[in-house]
Amino acid sequence: MITRTFMTNSLLFFAALALAQVGAEVVAIGPAPAPSARAGETRTAALLTSSVDFLKALGVWDRLAGDAAPLKAIRIIDGSRSLLRAPEIEFKSSELGLAAFGYNIANTALTDALYARAHERLPAVIPASVSNIVLGGGNAVLSVGDGAPLASRLVVGADGRRSICRTSAGIGVSEQRYEQGAIATSFAHSLPHADVSTELHKEAGSVTTVPLLDPHASSLIWVGPSAEIAELMQLDAECFGDALSERLGGLLGAIKSVGARTEFPVAGLSADRLAAKRIVLVGEAAHILPPIGAQGLNLGFRDAAALADCVAEALARRGDPGGDDVLEAYTRARRLDIMTRTLGVDLMSRALLTSLPPLQAARGIVLHGLKSLPPLRRAVMRVGLSPPTELPSLMRPASG
C-alpha cells in the first residue's frame, strides 16, 4: 500500500525524507528558502550525534560535513554575584569515547542540503503554504496555494508555533512565559575556542558561545530580560561588541567583530496531544523549549525519526498509515522523551533565574558533585545525548 503524506514548514524535509526512506510516497509542502530571509539568518544548529547519524541515514551528511564544527566540550560557568556560586565545570566528549558531542552547522547550510536532497528523493516538493485542512472519512483534504485540493491519509504538521495543522486537528496547547528574550548572532574573537561551547550564567540570563569552523569565530545566544535584550538590539555593532566583551570577561579574548543580530522571544509550548484525526505534530508544532543545551531541535529530529518507525510498521502490514493505531503508537513512542526534556529544560531555566539562596545552594551542590564524581558526570552526559527510550531506527549508528 502506498501512502501520500503532506508536510509543512520547518522540519518538513527531515520528516519527509525519513518517511520516504521507509517506503512512503511523500509530498512536501512549504515555502522554499527565501534569499531575503536567509540574508539575515544568524542562527546555527547544534546537532547531537544521533541527529548526525540521522542525516547520514538520509544521505545528507556528506553535503554538510565540510561546514560542520565539532563540539568537543561544554563548559558551564556561574558568573553570578551570588555567595553560593557553583564551580566551573567542563564536560568532555572524550570521557564518553566520542570524538565530539555533535556538530554546529549554520541553519542556512542545513536547509540548503535538506532542500537539495528533498528534490532528489521526493516525487514532489510544492513551494506553497497550506491554507486549510478538512478532516473526515479516510482522508485529510488540504487547500494549497492556488492549486487543486490535495487528499492525504496522513498529514505531518511541522509548521511551527502557529501550526494550522494543530489547529485543524483541534489540539490545544499549554504555554510557558519567561519574560525573557534572546539574541542570536556570531562574532570573531582573538583567542581560539578549542572546539569548546561555553555557557556563562549570570543573574536573569546567560550567554552561550558555540564554536564555528574558524577557530577564532563562534555563534552566540544571549538570553536576558526582555527589556535588556531590546536595549542590546538598539546598539550598533561596535557598542554591542563592547557589551559582549564585558559580559564574557575575556573568556575568548578581544571581540574582533560581530555579525548580524536576530532577536526572538524565550518561551515554552507543549501541545496537549501529539496526534489526532490523521494529523501528527513534530518539532515546534508539538513543543518549544528555551534555548538550553541544544535540546529543542534535536528533540524535533527524534519526532521525525520515530514517526518513520511507526509508518514503516503500518506499511509492512498493509495498514492505514494515518489510522488511530499509528497515531497512538507515535504518541507512545514520543511521550516520555518529550515530557522529560520539557520538564528538565523548564526546571533548568527557572533554576538559573532564581535568586533564592536555598535553590542557589542546591544548584551549586549538584555541580560540585558533577565536577568531583566522574561516573556521575558521564551518566549526565549520556542522558543529555540520548532519550530515555530507545533511539528510532534511522538515528542509530550504522553498523561497521
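Surface patches are made of residues with over 30% relative accessible area and no salt bridge, nonpolar side chains being joined within 5 Å. In the predicted model examined here, L336, M339 and L343 make a nonpolar surface patch of about 260 Å². M339 belongs to helix α10, which spans residues 324–353. With a relative accessible area of 42%, M339 is partly exposed and therefore passes the 30% cut-off for patch membership.

Helix α1 (residues 12–21), by contrast, is mostly covered, with nine of its 10 residues buried. These buried positions are L12, F13, F14, A15, A16, L17, A18, L19 and A20. After α1 comes G23, whose phi is positive, near 105°.

Aromatic contacts were examined next. Rings were paired if their centres lie within 6.5 Å, and the count comes to five aromatic pairs. In one of these, the ring centres of F13 and Y115 are 5.3 Å apart and the planes stand at 70°, so the arrangement is edge-to-face. Because F13 lies in helix α1 and Y115 in helix α5 (residues 107–121), this pair ties together parts that are 102 residues apart in sequence. F13 is buried, its relative accessible area being 7%. The pair formed by W222 and F240 is tilted, since the ring centres lie 5.6 Å apart with the planes at 50°. W222 is located in strand β16 (residues 217–225) and F240 in helix α8 (residues 237–248), so parts that are 18 residues apart in sequence are tied together. Both W222 and F240 are buried.

Ring pairs also link F14, F54 and F301 into a cluster. Elsewhere, R43 is placed over the face of F264, at 4.0 Å from the ring centre.

Key
Residues are numbered from 1 along each chain as its sequence is written. This is a predicted model: local features need pLDDT of at least 70, side-chain atom pairs count only at pLDDT 80 or more; totals for chains, interfaces and linings use all residues. Side-chain values use heavy atoms; hydrogens and water are left out. Patches are made of residues with over 30% relative accessible area and no salt bridge: like charges are joined within 9 Å, nonpolar side chains (Val, Leu, Ile, Met, Phe, Trp, Tyr) within 5 Å. Accessible areas come from the Shrake-Rupley method with a 1.4 Å probe; for residues, only the protein chains shown count as cover. A salt bridge is a side-chain nitrogen of Lys or Arg within 4 Å of a carboxyl oxygen of Asp or Glu. Helices (H or I, at least four residues) and strands (E, at least two) are DSSP runs, numbered from the N terminus. Buried means under 20% relative accessible area, exposed over 50%, partly exposed in between (1.4 Å probe, protein chains only). Rings of Phe, Tyr and Trp (its six-membered ring) pair if their centres lie within 6.5 Å; planes under 30 degrees apart count as stacked, over 60 as edge-to-face and the rest as tilted. A charge sits over a ring if NZ of Lys or CZ of Arg is within 6 Å of the ring centre and within 35 degrees of the ring normal.
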